[in-house]
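Work through the exercises below with the sequence and the model open. Each task is followed by a solution in steps.

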Amino acid sequence: MNLRIVGAIIKKDLRLFSRDLFYVLMTAFGLVVYVAMFWVLPSSVDETLRLGVHAEGMGDLLDLGPVDGPKEGLAVVAFDSQAALRDAVEAGTDGIAAGLDLPQGFIEDIRAGDQPKITVFLRGDAPAELRDTIGGFVRELAYAVASVAPPVDMPSLTDVVVGIDRAGDQLSLQDRFRPLFAFLVLMIETFALAGLIATEISGRTVVAVLVTPATTAEFLLAKVVVGTGLAFSQAVLLLGLIGALGTGTLTLLLALLLGSLLVTGVGLLAGSTGRDFLGIVFWTMLFIIPLTVPAIAGLFPGAAAAWVVAMPTYGLVATITAVTVDGAPFRAVAGDLGVVAIWCVLVLAAGLLVLRRKVATL
Amino acid sequence: MDQASIQAVGLSYAYGDTLAVDDISFGVAAGEVLGFLGPNGAGKSTTIRMLTGQLSPHRGSIRILGMDMPGDRTAIQGRIGVCFEEKNLYLEMTAHENLAFFATLFGVTVDVDALLERVGLRERGRDRVSSFSKGMRQRLMITRALINTPDVLFLDEPTDGLDPVSARGIRDLIRAEADRGAAVLLTTHDMHEADELSDRVAFIDDGRVIALDAPEELKLAHGQRSMRVRRRVGGLVEEEVIELDGASAADQVRAAVAKEGLLTVHTEEATLEDIFVQLAGRGLSG
């Protein structure tokens, strides 16, 4: 292996990359846009339920029991009229998610053991859980104002949460998008590498290189270094710019390196087709779309099918999330990274094999 | 041919069931230009690909500069220069960058500007190759093949696309390389170029060498020479063709030029194309 030759090919490829305006703009555009989008996204989740209440003739009711001012997870806002309450719920004013209209004589009816009619206002798109929450709130309210037991005995339940308990601690949009942005940057560099290789094949410049002392192995090594270097540097830059490299830095760098090697394998495969730009886009997307699934699934926690775990990039997404959100140590993500490493070897080997065969037949 | 720079013995190569090169043997000495002539698909390119290490022969052996190909591929490739028929240059790099890159691959230090000067491209050295005309790209291809001062040169249609003046310059350059001591294997469709440049020519057809000799010897062995005599008889121009290879040719010539009204005398000899047609039964463009 002649490192002078490998270095010359790398330098040449980087020069050609820098002169391809499309890929340079895509890289710069991607970095700027993804970083900007990240910082615009909310960094936390407001889980407080804002409940509107109209209690005719019961001005002091809201000072009682569970409704005496804002509590963790619940904020009660008083309204002067049923119409105002209804309008606020419909318009979502001040984040009002639902409204309770308590009839006049509510307290007396409760204390007398009657069942007063309570009107609940909900938006059409309110989740079913909100109805249950309001039901519970009404029972608690009845207990507070009348000192009577809730009309319905709640079953005794024990919740068992598997994995990290996200109750009251949901992933913010920044957390959800972080792995996706990293993967999108890797994807852009996949296109760039595939384009470089395809141009080399279609222009048959590789043939000119391989009748010099340069060997196929040196040519392939240079391509792997260029592809991995471009993808890795861009991904590290992105994570740095979005402030994700503060904890578990080495683990994150290892994850990004594995991700870069993985997409480099894809770039080798797509580039081996030697097609024009549209052909490269087609072949690259054919591989990239399935690989993007875990990153997209990360946007909707709990919604992904079980097979997503088997995707080559799942471990990458899981590692980025675990390290950046939960500060997971290396040993906690070693298994995921091990799976990614195995996929890396397989995809990279396939890419090298296909490109080697392609070059041999030119 | 013990001292041949290129020595091919019994070379064969097949693409699947199609035999592209069938038991070809030839040699090229240092300082010699061997013209490699044949129609498309005759096996010329496959032979050159084997000689330059792009393909491994299925049968036979190759020695370049006393080394075994493909066994000593890397060492051999450091001492050969190849000019391909396709213009496989890096279009988004300048001419200077293209040459500097290949110089690095060969591990040589060269005066790139001086090389560009040799082919009249110095002024355009800092321009991207994508802005070059076909002829300029061809001249750059030749220059690239010479970057390592090769001992063996493989040139595939080196004057293709060049204007007559540029083509003349490239032919002079090829001759100069041979005079320097380089062995040159030249593939061309231009019969005049092959005739002018080649010390010997090899006719390739259906993967086999059907003739291999100096152009003059081939013409003597296979071509027909003739003399065309024109004279005015009365008010008309009369033409007589005398085959010079016939037994009575001398008497016929003397008689023809002795007659009154002689206008012109032209001698004609067979071209390499004529000889190829005679030997292969088809033309070089077929």
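**Exercise 1. Domains**

Into which domains is chain B divided?

Solution. The model is predicted. Step 1: chain B splits into domain 1, covering 6–220, and domain 2, covering 224–268. Step 2: taken over C-alpha atoms, the centres of these two domains of chain B are 43 Å apart. Step 3: for chain A, the domain assignment gives a domain 1 made of 3–42 + 171–360 and a domain 2 at 49–146. Step 4: the C-alpha centres of domain 1 and domain 2 of chain A are separated by 52 Å.

**Exercise 2. Helices α2 and α6 of chain A**

Describe how α2(A) and α6(A) pack, and list the residues that make the contact.

Solution. Step 1: two packed helices are described by the angle between their axes and the distance between the axes. Step 2: for α2(A), residues 21–40, and α6(A), the angle is about 180° and the axes are 10 Å apart. Step 3: angles over 145 degrees count as roughly antiparallel, so α2(A) is roughly antiparallel to α6(A). Step 4: α2(A) contributes A:Y23, A:M26, A:T27, A:G30, A:L31, A:Y34 and A:F38 to the contact. From α6(A) come A:Q174, A:F177, A:F181, A:L184, A:V185, A:I188, A:F191, A:A192 and A:G195. Step 5: sorted by class, this contact has 12 nonpolar, 4 polar and no charged residues.

**Exercise 3. Helices α6 and α9 of chain A**

At what angle do the axes of α6(A) and α9(A) cross, and is the crossing left-handed or right-handed?

Solution. Step 1: the axes of α6(A), residues 173–202, and α9(A), residues 249–271, cross at roughly 35° and come within 8 Å. Step 2: the crossing is right-handed. Step 3: on the α6(A) side, the residues that meet α9(A) include A:A182, A:L186, A:E189, A:L193 and A:I197. Among their partners in α9(A) are A:L256, A:G259, A:V263, A:V266 and A:A270. Step 4: the contact of α6(A) with α9(A) comprises 13 nonpolar, 6 polar and 1 charged residues.

**Exercise 4. The contact between chains**

How many residues does the contact take from chain A and from chain B?

Solution. Step 1: chain A gives 19 residues and chain B gives 20 residues. Step 2: on the side of chain A that touches chain B, the elements that give two or more residues are α1 (3–18) and α7 (205–210). Step 3: α1(A) supplies the largest share of that side, 6 residues. Step 4: by class, that side of chain A has 10 nonpolar, 4 polar and 5 charged residues.

Notes: Residues are numbered from 1 along each chain as its sequence is written. Chains are lettered from A and ligands numbered from 1 in the order in which they are written. This is a predicted model: local features need pLDDT of at least 70, side-chain atom pairs count only at pLDDT 80 or more; totals for chains, interfaces and linings use all residues. Two residues are in contact if their C-beta atoms, placed from the backbone, lie within 7 Å. Helices (H or I, at least four residues) and strands (E, at least two) are DSSP runs, numbered from the N terminus. Ala, Val, Leu, Ile, Met, Phe, Trp, Tyr, Cys and Pro count as nonpolar, Asp, Glu, Lys and Arg as charged, and the others, Gly among them, as polar. Domain bounds come from an automatic or database domain assignment. Axes are lines fitted to C-alpha atoms, for helices over the stretch in contact, and angles run from 0 to 180 degrees between N-to-C directions. A crossing is left-handed if the near helix is turned anticlockwise from the far one by less than a right angle, and right-handed if clockwise. Angles under 35 degrees count as roughly parallel, over 145 as roughly antiparallel, 65 to 115 as roughly perpendicular and the rest as oblique.
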